[in-house]
Amino acid sequence: MVVTIFSVGFDIQTGEKTMKSTFWLSRLSVFAVVGLFVQPGAAMAATVDCNAGGNLQAAISGAVPNEPIFITGNCAENVFIRTDGLSFSGNTPADGVDGSISVAGAIRIQMHGMTVKNSTGNGVIVTEGGSVLFLNVTITGHSRAGVLVLDNSLARIINGSIDHN
């Protein structure tokens, strides 16, 4: 029996999405994988293609904790995040949200290689003890603050920009 396991992640040095596969050949290995690593409700990667009419909020609402969500195109919507551990990645740095993102109480949210732009209010709002890490993210063109952090929340940006807000 051959089992292939895929893991999706990010290469911190290059900023590229990575996918690794591992092949397990023995029955003992298969039992170890099933027994130790596969859990009910385990996160699977979601892909939202907003150029083809995809809905980012629907993917967020249906996500389980620690699920990666890959974005293609500009999602013209305001989204609300309450699920811990979600990670968002643009297919290109120009992909992302054309609107606002509200993170209320969700922790360990990561946004990587994407743009959040052009809301009529604040760009990203982090409240209720939420935490967000921005890696190579551009936050621009909002009519109010680019990032607003309230209520014992945390936002950290690495190699990104917050401008023209």
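**Reading the sheets**

Reply: Strand E6 and strand E9 (residues 101–104) pair in the parallel sense over three bridges. Strands are DSSP runs of E with at least two residues, and helices are runs of H or I with at least four residues, both numbered from the N terminus; two strands pair if DSSP finds at least two bridges between them. This is a predicted model, in which local features need pLDDT of at least 70, side-chain atom pairs count only at pLDDT 80 or more, and totals for chains, interfaces and linings use all residues. Residues are numbered from 1 along each chain as its sequence is written, and side-chain values use heavy atoms, leaving out hydrogens and water.

Me: Which residue stands opposite Val-103 in E9?

Reply: Strands of a sheet pair through backbone hydrogen bonds, either parallel or antiparallel. Here, Ile-81 is the residue opposite Val-103.

Me: In what order do the four strands of the open sheet run?

Reply: The order is E6-E9-E12-E15, with parallel pairing. Strand E6 (79–81) and strand E15 (147–149) are the edge strands, each pairing on one side only.

Me: Which strands form the open sheet of five?

Reply: That parallel sheet has the order E5-E8-E11-E14-E17. Its edges are strand E5 (74–75) and strand E17 (161–163). Strand E14 (residues 138–140) pairs with E17 over three bridges, and Thr-138 has Ser-161 as its bridge partner there.

Me: How many helices and strands does the protein chain have?

Reply: The protein chain has two helices and 17 strands. Of its 165 residues, 38% are buried, meaning under 20% relative accessible area with a 1.4 Å probe, protein chains only.

Technical notes
Buried < 20%, exposed > 50% of the residue type's maximum accessible area, 1.4 Å probe, protein only.
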